[in-house]
Amino acid sequence: MKKSVGSKVFDGFNYIFLGLLALSCLIPIIHIIAVSFSNKAATSANLVTLWPVGFHTLAYERVLSSWEFVRAFFVSMGRVLVGVSVNMFIICVTAYPLSKESNQLKGRTFLVWLLIFPMLFKGGLIPTYLVVRDVGLLNSFWALIWPGAVPIFSIILMMNFYRSLPKSLSEAAMIDGAGHFNILFKIFLPLSKPGIATLTLFEAVGHWNEWFMGMIYLNDQAKFPLQTYLRQMLLPSFAEGKITASDIEYVKMLSDKNFTAAQLVIAIIPILCIYPFVQKYFVKGLVIGSVKG
């Protein structure tokens, strides 16, 4: 079918607008990469735009030169693997009964509101800290996992995704004698790959980027995840009053902006590696899970 002139103009406007929008997201990343490879004088004088000035890799050498960084990296990797597994199990298992009608699950409306209420009204930092302390999670790896183990928004998305599936599937399975666990694990989950992939990406990004819980609940720096470690590592030797000859040399050649830029680049690399594998599910999973009620 031949497009009209108006349709072609509209399509052209969309391409231009979306292209500019994509550039607005890409340019800051390119700028950060350029800053991370630039020298101290150029970054301090704000002379770096989209290309490194005085190219060098000292900022990355500084960030990657210690065993503490490698340890924090693996702590974050473990946190993502364990945390996402716990989150997705709770999401899938909790969303299934809530996706049923009220006549199939008594008290369903109350249970849904019971989930929504803490999403709107939180206890606050101090009560949360006291709970984490009293259950013995302080200064442990699990302090990074259990306080955020029940992502309510993701449960609601998955619940709506389940509700979008044909009811005849579960009805036919029940007639054949299948129980709810069989229906969930053999029918619903295989058909929910777009939603699962989307929420897995959400939870993985959340765990990878989160730094505040490590700062609040962990006292031992050896247990810090990567983001908390990167936040604390900006010239730590000066904060401790221990200055080495190597520190002085780095300070002469690098500024805070170099360190910060290098940290940001390193922190986004794992997510950039994961995203292409789940991107094809992203739009479909998000749209179906948010539209159907």
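**A residue-by-residue look at a helical model**

Student: In which helix is Leu-191 found?

Tutor: This is a predicted model, in which local features need pLDDT of at least 70, side-chain atom pairs count only at pLDDT 80 or more, and totals for chains, interfaces and linings use all residues. Residues are numbered from 1 along each chain as its sequence is written, and side-chain values use heavy atoms, leaving out hydrogens and water. Helices are DSSP runs of H or I with at least four residues, strands are runs of E with at least two, and both are numbered from the N terminus. On that basis, Leu-191 belongs to helix H9.

Student: Is Leu-191 buried or exposed, or does it fall in between, and at what relative accessible area?

Tutor: Buried means under 20% relative accessible area, exposed means over 50%, and partly exposed lies in between (1.4 Å probe, protein chains only). Leu-191 is classed as partly exposed because its relative accessible area is 42%.

Student: With which residues is Leu-191 in contact, leaving aside neighbours within four places in sequence?

Tutor: Contact here means heavy atoms within 4.5 Å. The C-alpha atoms of Leu-191 and Phe-161 are 9.9 Å apart, although 30 residues separate the two in sequence. Once neighbours within four places are set aside, the partners of Leu-191 are Phe-161, Leu-165 and Leu-169.

Student: Which backbone oxygen does the side chain of Ser-192 reach?

Tutor: Ser-192 sits in the loop between helix H9 (180-191) and H10. Ser-192 counts as buried because its relative accessibility is 0%. Beyond four places in sequence, Ser-192 touches Phe-161, Tyr-162 and Leu-165. At 2.6 Å, its side chain reaches the backbone oxygen of Phe-188.

Student: What distance separates the C-alpha atoms of Pro-194 and Phe-161?

Tutor: Pro-194 lies in helix H10, and Pro-194 is buried because its relative accessible area is 9%. Pro-194 and Phe-161 are 33 residues apart along the chain, and their C-alpha atoms are separated by 9.4 Å.

Student: Which residues does Leu-230 touch, not counting residues up to four places away in sequence?

Tutor: Leu-230 is among the residues of the largest core that touch the most other members. Its partners beyond four places in sequence are Val-63, Phe-69, Gln-263 and Ala-267.

Student: What share of the 293 residues in the protein is buried?

Tutor: The protein has 15 helices and zero strands. Of its contacts with a separation of 6 or more, 72% join residues 24 or more positions apart. Buried residues account for 37%.

Student: What is the phi of Asn-46?

Tutor: Most residues other than glycine have a negative phi. Asn-46 is in the loop between helix H2 (40-44) and helix H3 (58-64), and Asn-46 counts as exposed because its relative accessibility is 58%. Although not a glycine, Asn-46 has a positive phi of about 55°.

Student: Near what value is the phi of Asn-139?

Tutor: Asn-139 is placed in the loop between H6 and H7. Asn-139 counts as partly exposed because its relative accessibility is 22%. Its phi, positive in a residue other than glycine, is near 60°.

Notes. A polar contact is a pair of N or O atoms within 3.5 Å; within protein, one must be able to donate a hydrogen and the other to accept it, and residues adjacent in sequence count only if both atoms are side-chain atoms. A nonpolar core is a set of buried Ala, Val, Leu, Ile, Met, Phe, Trp, Tyr and Cys residues joined through side-chain atoms within 4.5 Å.
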